[in-house]
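Hi there,

Here is the structure I promised to pass on to you. Have a look at it, and then read on for my notes.

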Amino acid sequence: MIISVASGKGGTGKTLVATSLALSLAYEQKPVQLLDCDVEEPNAHIFFKAQPVSERTVSLPVPKVNYEKCQYCGKCAEVCQFNAIALMKRTLVIFPDVCHSCGGCWHLCPTGALEPAAREVGTVSVSQTADLRLVSGRLKLGTHISPPVVKAVRETAERDYITIIDGPPGSSCPVMAAVTDTDYCLLVTEPTPFGLNDLALAVDMLRVLKIPCGVVINRDMPGNQIIDRFCAENGINILLRIPFQTEIARAYAKGIPLVDSDKIWRDKFYNLYHQISGEVSQ
Ligand code: SF4
Ligand code: SF4
């Protein structure tokens, strides 16, 4: 089973939920791996004392010009839909950061002046604790195309493990790459109008992708019904509520997973896994 954890925006407690869910399974001797797909700011590793196992770079092909062969015809600049190539008189400029590696330019160059060259966009590292396998992606500084790094993290997952994916915040391309083809998505939100707005966007995205979802309310406060009303109207289950408590915030700030800060959360997160399994098997 693959469970993704997503949130409309950063800072809602997505990593707190993903790490605690993964650990609650590990403590029950389940084979579990956590994929940190929040590649712009991977921080799941902070919560584990994991030993490094391997690391590899993720590269994408971008065009490289052989100026001796270039006839400055401008075909490559014309064909590039992302404006990653510009021809100014007899100067051809390539902007690798906006290149999407579609290959159009080097396939259509009439003189064979363009060749694909590898450009590093990030890394994927695997580490291991006594209890679980952790795979983390990290986007290279100054690079903006994160979906390929997210994909590389997902490809590094072992089969036959229960997989928990800590996704990027938001509801755009990197999130899609993290949640696509998962069996279930847990949406972490806060009981505020901003939280509701982001939750509604994330729910719309999951409906398009046809992925079942449930909600975890973080920093929950008694009497605040804004998320409850939305979930009731949209037929979405609220599976867990994490209260607004300074002890929880303090432990999290020290890098202590919720399930380790208070043992009561081990059962709650293990129960969360069973609720998800029940919904998936229906
Ligand atoms: S298509 Fe080829 S020959 Fe024409 S400008 Fe581009 S690199 Fe040069
Ligand atoms: S590979 Fe595609 S996106 Fe990149 S420069 Fe060539 S045409 Fe543009």
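Which residues come nearest to ligand 1? They are Cys 70, Cys 73, Gly 74, Cys 76 and Cys 109, out of 13 residues around this ligand. Please keep in mind as you read that this is a predicted model.

**The two ligands**

Ligand 1 takes up the space of the largest cavity. Sorted by class, its shell holds nine nonpolar residues, three polar ones and one charged one.

Around ligand 2 you will find Pro 63, Cys 80, Phe 82, Ala 84, Ile 85, Cys 99, His 100, Ser 101, Cys 102, Gly 103, Cys 105 and Trp 106. Nine residues of that shell are nonpolar and three are polar, while no charged residue takes part.

**The chain as a whole**

The protein chain has ten helices and eleven strands. Its C-alpha trace spans about 70 × 45 × 35 Å along the principal axes. The chain has 282 residues, and 49% of them count as buried. If you take the contacts between residues at least 6 apart in sequence, 74% of these join residues at least 24 apart.

**Around Ser 7**

Ser 7 sits in the loop that runs between strand 1 (2-6) and helix 1 (14-26). Is Ser 7 buried or exposed? Ser 7 is buried, because its relative accessible area is 1%, and the cut-off for buried is under 20%. Its side chain makes a polar contact of 3.2 Å with the side chain of Thr 12. Beyond its neighbours within four places in sequence, Ser 7 is in contact with Thr 12, Lys 14, Pro 168, Pro 169, Gly 170 and Val 188.

Thr 189 belongs to strand 9, which covers residues 184-189. With a relative accessibility of 3%, Thr 189 counts as buried. A polar atom of the Thr 189 side chain lies 3.3 Å from the backbone oxygen of Gly 195. Setting aside residues up to four places away in sequence, Thr 189 touches Gly 195, Leu 196, Leu 199, Val 215, Val 216, Ile 217, Asn 218 and Ile 227.

One of those partners, Ile 227, takes us to helix 7, residues 226-234. Which residues of helix 7 are buried? They are Ile 226, Ile 227, Asp 228, Phe 230 and Cys 231. These buried residues pack against strand 9, helix 6, strand 10 (213-220) and strand 11 (237-243). Helix 7 is followed by Gly 235, which has a positive phi, near 65 degrees.

Helix 6 itself covers residues 193-209, and Met 205 is found there. Met 205 counts as buried too, because its relative accessibility is 7%. How far apart in space are Met 205 and Phe 244? From C-alpha to C-alpha the distance is 28 Å, and in sequence the two are 39 residues apart.

If you open the model, you could begin with the ligands and then follow the headings above in order.

Best wishes

Conventions: Residues are numbered from 1 along each chain as its sequence is written. Chains are lettered from A and ligands numbered from 1 in the order in which they are written. This is a predicted model: local features need pLDDT of at least 70, side-chain atom pairs count only at pLDDT 80 or more; totals for chains, interfaces and linings use all residues. Side-chain values use heavy atoms; hydrogens and water are left out. Helices (H or I, at least four residues) and strands (E, at least two) are DSSP runs, numbered from the N terminus. Buried means under 20% relative accessible area, exposed over 50%, partly exposed in between (1.4 Å probe, protein chains only). A polar contact is a pair of N or O atoms within 3.5 Å; within protein, one must be able to donate a hydrogen and the other to accept it, and residues adjacent in sequence count only if both atoms are side-chain atoms. Contact means heavy atoms within 4.5 Å. A residue is near a molecule or strand if one of its heavy atoms lies within 4 Å of it. Ala, Val, Leu, Ile, Met, Phe, Trp, Tyr, Cys and Pro count as nonpolar, Asp, Glu, Lys and Arg as charged, and the others, Gly among them, as polar. On a 1 Å grid over the protein atoms alone, a cavity is a set of points where a 1.4 Å probe fits but cannot get out, and a pocket is an open set with protein on both sides within 12 Å along at least five of seven lines; lining residues have an atom within 4 Å of a point. A molecule sits in a cavity or pocket if more than half of its atoms lie within 2 Å of its grid points.
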